[in-house]
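Hi everyone, thanks for coming. Let me put the structure up on the screen, and then we can walk through it together.

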Amino acid sequence: MKNTNKTLIIFYLLITYVILQFLWWGYHISSLTEQLNDNEAYISRRLTMIAGEGTVFIIIICLGAFYVIRSYYKEINLAKKEKNFALSVTHELKTPIASSKLFAETMLQRNDLDQQQITTSLEKIIHEQNRLNDLVEKILLVSTIDEMTKDMQIKPVSLQSLINQIITNAPKSHIISNDLLENCVISGDDFYLISLFQNLLDNAQKYAPKGSEVRFFSKESTTKIILCISDEGIGIPDKEKSKVFERFYRIEDEETRNSKGTGLGLFLVDKIVKMHSGKIFCKDNLPKGTIFEIHLKK
Ligand code: ATP
Ligand code: MG
């Protein structure tokens, strides 16, 4: 961080020096023009020209500096997000590997375990392996999704039954309701659509207290299908609402830092909505929580 501050200070000093030097040259040229000529009309034309050209150059220098500084901050933010991602992925990979290893070793070393204990340990191992599998699949999907767009298998998909299927397989920690209208049918690829709603449901369950309601519902529209998922969780502050769709982005507060995640879920969601020529909006649920609203073509 010290180094990056130093680079910025040098950059600002250089830009200030260039602009001051420029103004100084402008001043010199104009006083030379005045010394060499006594024709007032000519001097005034020259001064206007010098001032005009000088202003254009200064504007160009300032614009250049603005773009350099903007991309510099983008790079810094990306590096920070990638570091967070690497840390959370390492953590998320290590935890299931370590716990399934522990369960397997316990089963191997102890021969006094009854059938029930063995079954519980095996179930835990399978659960951990599923977590690993989900994580690896999510990372693979993110790295291939741009090329996969052209191989989409488009067919009519009933969103009501697709969401029913996702709810059936979801953990039973929340009250999940499906209030979608039956006529919610779109042309899309069900593989990606499942991943889209699965990620939104994962978030709703992760960032809302156990036992609260998560609701899928649709809104009437003649031209498009509007589909929403609401939760009663911690909510997303206004200034973070557009940022949460960026790759690796996680809101940095105590509540989310305590939960596990890579910051890839909503990035994937946004990509899949765009693959289906749709739009996604993040809104507040009242009195608390979040609503993700998706607009798709009929
Ligand atoms: P994962 O890659 O495992 O999904 P993640 O859940 O942290 O990790 P995203 O799904 O991309 O990543 O979400 C980005 C951030 O947006 C989250 O870290 C969280 O801070 C915030 N967020 C997303 N959904 C919700 C929600 N329903 N309620 C509150 N905050 C949310
Ligand atoms: Mg998520």
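A compact globule of 298 residues would have a radius of gyration near 19 Å, yet this protein chain comes out at 29 Å. That radius is taken over C-alpha atoms, and the globule rule is 2.2 Å times the number of residues to the power 0.38. Along its principal axes, the C-alpha trace spans about 105 × 60 × 40 Å.

A quick word on where this comes from: it is a predicted model, so local features need pLDDT of at least 70 and side-chain atom pairs count only at pLDDT 80 or more, while totals for chains, interfaces and linings use all residues. Residues are numbered from 1 along each chain as its sequence is written, chains are lettered from A and ligands numbered from 1 in the order in which they are written, and side-chain values use heavy atoms, with hydrogens and water left out.

Now, the parts. The chain has seven helices and seven strands; these are DSSP runs numbered from the N terminus, with helices (H or I) of at least four residues and strands (E) of at least two. Follow the sequence along and the pattern reads α-α-α-β-α-β-β-α-β-β-α-α-β-β.

How much of the chain is buried? Of the 298 residues, 36% are, where buried means under 20% relative accessible area, exposed means over 50%, and partly exposed is in between (1.4 Å probe, protein chains only). The accessible surface comes to about 19000 Å², and 60% of that belongs to carbon and sulfur atoms. Those areas come from the Shrake-Rupley method with a 1.4 Å probe; for residues, only the protein chains shown count as cover.

Next, contacts, meaning heavy atoms within 4.5 Å. Among contacts with a separation of 6 or more, 69% are made by residues 24 or more positions apart.

Let's zoom in on helix H7 (265-275). Nine of its eleven residues are buried, so this helix is mostly covered. Among the buried ones are Leu266, Phe267, Leu268, Ile272 and Val273. And what covers them? The cover includes helix H3 (115-148), helix H5 (190-206), S6 and S7.

Ser277 sits in the loop between H7 and S6, and is partly exposed at 47% relative accessible area. Why point this out? Most residues other than glycine have a negative phi, and most peptide bonds are trans.

Phe248 is another one to look at, with a positive phi near 70 degrees. You can find Phe248 in the loop between strand S5 (224-230) and helix H6 (254-257). Is Phe248 buried or exposed? Phe248 is buried, with a relative accessible area of 9%.

There is also a cis peptide bond, from Leu286 to Pro287, with omega near 0 degrees. Pro287 belongs to the loop between strand S6 (279-284) and strand S7 (290-297).

One more loop: Leu180 lies between strand S2 (175-179) and strand S3 (185-188). Leu180 is buried, at 5% relative accessible area. Which residues touch Leu180, leaving aside its neighbours within four places in sequence? They are Leu159, Gln160, Ile163, Phe216, Phe217, Ser218 and Leu227. Take Gln160: Leu180 is 20 residues away from it in sequence, but their C-alpha atoms are 5.7 Å apart in space.

Last topic: charge. The chain carries 37 positive and 36 negative side chains, and the centres of the two sets lie 2 Å apart. Here Lys and Arg count as positive and Asp and Glu as negative, while His and the chain ends are not counted. Each charge is placed at NZ of Lys, CZ of Arg, CG of Asp or CD of Glu.

Side chains of opposite charge can pair when their charged atoms come close. We call it a salt bridge when a side-chain nitrogen of Lys or Arg is within 4 Å of a carboxyl oxygen of Asp or Glu, and the count comes to 13.

Let me show you some of them. Arg110 pairs with Asp112, their closest N and O atoms being 3.2 Å apart; Arg110 is partly exposed at 39%, and Asp112 is exposed at 52%. Asp238 and Lys241 meet at 2.6 Å, N to O, with Asp238 exposed at 60% and Lys241 buried at 12%. Lys239 and Glu240 form a salt bridge at 3.6 Å. Finally, Lys219, Lys283 and Glu293 are joined into one network by salt bridges that share partners.
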